[in-house]
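Let's take a walk through a protein structure together. Have a look at the sequence and the 3D view, and then we'll go through the details.

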Amino acid sequence: MTDPDPTEFDKLQKLLASKKKEKPEDGFFDRFSDRVLTRLEEPAPRPTLWERLNDQVDPFRAAAAIFAMLIGVGVWYGLNEGSHLAETGLEPLGQAEANPEPLGQGLDALAGSSLPLTKSKAEPPRILMNPGAGLATRPAKASSNTVHTPK
Amino acid sequence: MLETPSIVSPAKGGETMPEWNEQEHVSRAREGDMEACDALVQQYQERIYATIYHMTSNHEDAADLAQETFIKAFRKIQNFKGDSAFFTWLYRIAVNNTINFIRSKRRRVILSINQMDEDWDSGEELLGLVSKDTPQRDIDRHELQGILNAAMQKLSPNHRLVVTLHDVQGLPHEQIGEIMDCNTNTVRTRLHYARKQLQAHLSDYLKP
């Protein structure tokens, strides 16, 4: 937004000042006080729970209490979760699953689906079976092996 | 603490009262003296009503909210500690009430504009502020009021409030800061942005 044009700004201020002249109908203020005092003498409506809380509780303290409660719950949850992890962490790996499902049964479960069931034998990577295979051989240069001795 | 400067009752059309002692009236109102309550209403009714009216641009809403403001103030007058002037405390109640009201009915704004004061014969002067190149050359005073009020309604409640208190009602920045519970610099910044937004909304009418 650019800075206001001073001429326009002056006009705007005059327009706003003219709003002061907007008045309610004649006699409005003569009756206003009576209406207020009549309503004031009527019994006050019972304040809602929110209004009572608003009157009696300092919003800053309430916010601080809620914040502290949230932190407390967070810490409690964190500690609880930590102790649970610690319990499972101590369990030896072999005992983690008492009755592991036989491998074949798992595959049988897949048999119902349309996925092809290929039982491949586990093999080590090819490179480990024949090291150096696939690499291009290069004849060694004769001169490269000569040792130059200083004269 | 800012003292209320006026010892002239606005309700009596500028008639000078013997002497306005706010503290005395407030302490009597605290004890349930209805005459003191009446005097406090008479003293501040016009300014409270006007603030709410310029915020809502609706006479019926302003009348209801102004009544509620005084009733709330008298019912809670025991909570008034005297840290600020009674007038500032009353204004705060009015302003909070009005802002809550505006937020609750944001999508249902109905303008109900009051007539200009009969003894104010500056219609031509007012229309002279409007550009000759305005889209509606034959705009009248009432239309101009409507356009201005509609532009005011486009401002956020806080921006509208600062324009109302400063540019319409002529309150100083310090007192506005007390009412809005913010510092003077915030008041100035809000006023600057509010005016720029108003100028943008009224640019078709205010061009030289």
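How many residue pairs are in polar contact between chain A and chain B? The count is 10 residue pairs, both at pLDDT 80 or more. A polar contact here is a pair of N or O atoms within 3.5 Å; within protein, one must be able to donate a hydrogen and the other to accept it, and residues adjacent in sequence count only if both atoms are side-chain atoms.

Before we go on, some ground rules. This is a predicted model, where local features need pLDDT of at least 70, side-chain atom pairs count only at pLDDT 80 or more, and totals for chains, interfaces and linings use all residues. Residues are numbered from 1 along each chain as its sequence is written, chains are lettered from A and ligands numbered from 1 in the order in which they are written, and side-chain values use heavy atoms, with hydrogens and water left out.

Back to where the chains meet. On the chain A side, 37 residues are in contact (heavy atoms within 4.5 Å) with 47 residues of chain B. Together the two chains bury about 4,200 Å², with 66% of it on carbon and sulfur atoms. That buried area is the accessible area (1.4 Å probe) that two parts lose on being put together, summed over both. In chain A, the residues that lose the most area to chain B are A:Leu15, A:Lys19 and A:Glu22, together 15% of what that side buries.

Now for salt bridges, meaning a side-chain nitrogen of Lys or Arg within 4 Å of a carboxyl oxygen of Asp or Glu. Across the interface of chain A and chain B there are zero, while the count over all chains is six.

One of them links the side chains of A:Lys14 and A:Asp10, at 3.7 Å from N to O. These two sit four residues apart in helix H1 of chain A, so about one helical turn separates them. Helices are DSSP runs (H or I, at least four residues), numbered from the N terminus. A:Lys14 is partly exposed, at 42% relative accessible area, and A:Asp10 is partly exposed at 39%. Buried would mean under 20% and exposed over 50%, with partly exposed in between (1.4 Å probe, protein chains only).

Chain B has a salt bridge between B:Arg28 and B:Glu24, at 3.5 Å from N to O. Both lie in helix H1 (residues 22-30) of chain B, four residues apart, about one turn of the helix. Salt bridges that share partners then join B:Glu24, B:Arg28 and B:Asp33 into one network.
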